[in-house]
Amino acid sequence: MNIYDEKNNEIVIDRRCDVCGESVMLEVNDNDMKLDECGELSAKWGYAPSEDGSAYHLDLCHDCFKFALSTLRDKRRSLAIVNKEIDLPGEDFGRIGGHAPKSK
Ligand SMILES: [Zn+2]
């Protein structure tokens with residue numbers, strides 16, 4: 001969610017995770033420059049019977065995004081156990097670019 005300046009409601013001064021409320025703005029250097037690093041979960045449903053015309057959007061911090069991703073990976077794993085046509089998800093489930101996460 002965007003947090004707007006009280007005096008000028010068109011200026012976004014912060015962006016926060018819709019789940020935990022943490023800011024997703026990262027300070028860059030020492031010159032008050034901030035960049036948002038935010039995961040997003042969104043959907044627009046057209047004619048699905050229970051969601052006719054509904055739209056959703058959530059801004060997610062890194063931790064909440066990883067939680068959602070883990071939950072979806074677990075669901076895929078459980079589906080793959082009962083349906084052999086579905087591949088087991090790897091650690092790169094959902095990744096479309098960048099470097100693999102460091103192992104802990
Ligand atoms: Zn969060």
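1. Setting aside neighbours within four places in sequence, Asp14 is in contact with Met1, Asn2, Ile3, Ser23 and Met25; contact here means heavy atoms within 4.5 Å. One of these partners, Ser23, also makes a polar contact with Asp14, side chain to side chain, at 2.7 Å. A polar contact is a pair of N or O atoms within 3.5 Å; within protein, one must be able to donate a hydrogen and the other to accept it, and residues adjacent in sequence count only if both atoms are side-chain atoms.

2. A word on what you are looking at. This is a predicted model, in which local features need pLDDT of at least 70 and side-chain atom pairs count only at pLDDT 80 or more, while totals for chains, interfaces and linings use all residues. Residues are numbered from 1 along each chain as its sequence is written, and side-chain values use heavy atoms, with hydrogens and water left out.

3. Where does Asp14 sit? Its place is strand β2, residues 12-15. Asp14 is buried, because its relative accessible area is 10%; buried means under 20%, exposed over 50%, and partly exposed in between (1.4 Å probe, protein chains only).

4. Now the overall layout. The chain has one helix and six strands, and along the sequence they follow the pattern β-β-β-β-β-β-α. The radius of gyration is 18 Å, well over the 13 Å that the globule rule gives for 104 residues, so the chain is more spread out than a compact globule. That radius is taken over C-alpha atoms, and the rule is 2.2 Å times the number of residues to the power 0.38. Helices (H or I, at least four residues) and strands (E, at least two) are DSSP runs, numbered from the N terminus.

5. A few chain totals go with this. The C-alpha trace spans about 55 × 40 × 20 Å along its principal axes. Of the 104 residues, 12% count as buried. Among contacts between residues at least 6 apart in sequence, 19% join residues at least 24 apart.

6. Next, the loop between β1 and β2. Both Asn9 and Glu10 are found there, with β1 covering residues 2-4. Asn9 counts as exposed because its relative accessibility is 58%, and Glu10 counts as exposed because its value is 73%.

7. Is Gly39 buried or exposed? It counts as buried, because its relative accessibility is 14%. Gly39 belongs to strand β5, residues 39-44. Leaving aside neighbours within four places in sequence, Gly39 is in contact with Leu58, Asp59, Leu60 and Phe65. Ser54, 15 residues away in sequence, is 20 Å from Gly39 between C-alpha atoms.

8. The C-alpha atoms of Gly94 and Leu72 are separated by 9.4 Å, and the two residues are 22 apart along the chain.

9. Last, the charges. The mean positions of the 14 positive and 21 negative charges are 7 Å apart. Lys and Arg count as positive and Asp and Glu as negative, leaving out His and the chain ends; each charge is placed at NZ of Lys, CZ of Arg, CG of Asp or CD of Glu.
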